[in-house]
Amino acid sequence: MKKLVLFDIDGTILRTNLIGRHPIYQAIEEVCQQAKVFRDDYPFELRQIRMAGSTDTQIVHGILEGVVPEHRIKQIQPRIFDRLANLF
């Protein structure tokens, strides 16, 4: 059986009082720690960004921009989305 998971992290389809923020930050932190992509001064606060109107890819990129090198963001994004799907 195939499973379809739709994310509305930015609140475009429905209002969830920002409940989608926690899982995306959790997925990012877990994958980045496993992949050892954070700087030596982790733990630090990941960027808080405005998610409205953004795609999932834009959201992940915006959170990690300036924290993780660009080439590593592209490498780990699929793993972040896999982990996010499993959190729901």
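Reader: Let me start with α1 and α3. Which residues of α1 meet which residues of α3?
Author: A contact means heavy atoms within 4.5 Å. By that rule Pro23, Ile24, Gln26, Ala27, Ile28, Glu30, Val31, Cys32, Gln34 and Ala35 in α1 meet Arg72, Ile76, Arg79, Ile80, Arg83, Leu84 and Leu87 in α3.

Reader: What should I know about the model and its numbering before going on?
Author: This is a predicted model, in which local features need pLDDT of at least 70 and side-chain atom pairs count only at pLDDT 80 or more, while totals for chains, interfaces and linings use all residues. Residues are numbered from 1 along each chain as its sequence is written, and side-chain values use heavy atoms, with hydrogens and water left out.

Reader: How many helices and strands does the protein chain have?
Author: Both are DSSP runs numbered from the N terminus: helices are H or I with at least four residues, strands are E with at least two. Here there are three helices and zero strands, and the order from the N terminus is α-α-α.

Reader: At what angle do α1 and α3 pack?
Author: Axes are lines fitted to C-alpha atoms, for helices over the stretch in contact, and angles run from 0 to 180 degrees between N-to-C directions. For α1 and α3 the angle is about 125°, with the axes 8 Å apart.

Reader: Why is that pair described as oblique?
Author: Angles under 35 degrees count as roughly parallel, over 145 as roughly antiparallel, 65 to 115 as roughly perpendicular, and the rest as oblique. The angle of about 125° belongs to that remainder, so α1 and α3 are oblique to each other.

Reader: Is the crossing of α1 and α3 left-handed or right-handed?
Author: A crossing is left-handed if the near helix is turned anticlockwise from the far one by less than a right angle, and right-handed if clockwise. α1 passes α3 in a right-handed crossing.

Reader: At what angle do α1 and α2 pack, and how far apart are their axes?
Author: The angle is about 60° and the axes are 11 Å apart. That makes α1 oblique to α2. The crossing of α1 and α2 is right-handed, and the meeting residues are Ile24, Tyr25, Ile28 and Cys32 in α1 with Ile59, Val60, Ile63 and Leu64 in α2.

Reader: Where do α2 and α3 meet?
Author: On the α2 side you find Asp56, Thr57, Val60, His61 and Leu64, and on the α3 side Glu70, Ile73, Ile76, Gln77, Ile80 and Phe81. Their axes come within 10 Å and cross at roughly 130°, so α2 and α3 are oblique to each other. α2 passes α3 in a right-handed crossing.

Reader: Which residues of α2 are buried?
Author: Buried means under 20% relative accessible area, exposed over 50%, and partly exposed in between, using a 1.4 Å probe and protein chains only. In α2, Ile59, Val60, Gly62, Ile63 and Leu64 are buried, and the buried residues of α2 pack against α1 and α3. Ile59 has a relative accessible area of 0%, and its C-alpha atom is separated by 8.9 Å from that of Ile24, 35 residues apart along the chain. Just after α2, Gly66 takes a positive phi of about 85°.

Reader: Which residues touch the most other members of the largest nonpolar core?
Author: A nonpolar core is a set of buried Ala, Val, Leu, Ile, Met, Phe, Trp, Tyr and Cys residues joined through side-chain atoms within 4.5 Å. Of the 22 residues in the largest one, Ile24, Ile28, Leu46, Ile63, Leu64, Ile76 and Ile80 touch the most other members. α1, α2 (56-64) and α3 (70-87) each supply at least two residues of this core, and the largest share, seven residues, comes from α1. Leaving out residues up to four places away in sequence, Ile28 touches Leu46, Val60, Ile63, Leu64 and Ile80.

Reader: Is Gln77 buried or exposed?
Author: Gln77, in helix α3, counts as buried at 11% relative accessibility. Apart from neighbours within four places in sequence, Gln77 is in contact with Thr57, Val60 and His61.

Reader: What is Pro23 in contact with, beyond its neighbours within four places in sequence?
Author: The partners of Pro23 are Leu84, Leu87 and Phe88. Pro23 lies in helix α1 (residues 21-35) and is buried, with a relative accessible area of 13%.
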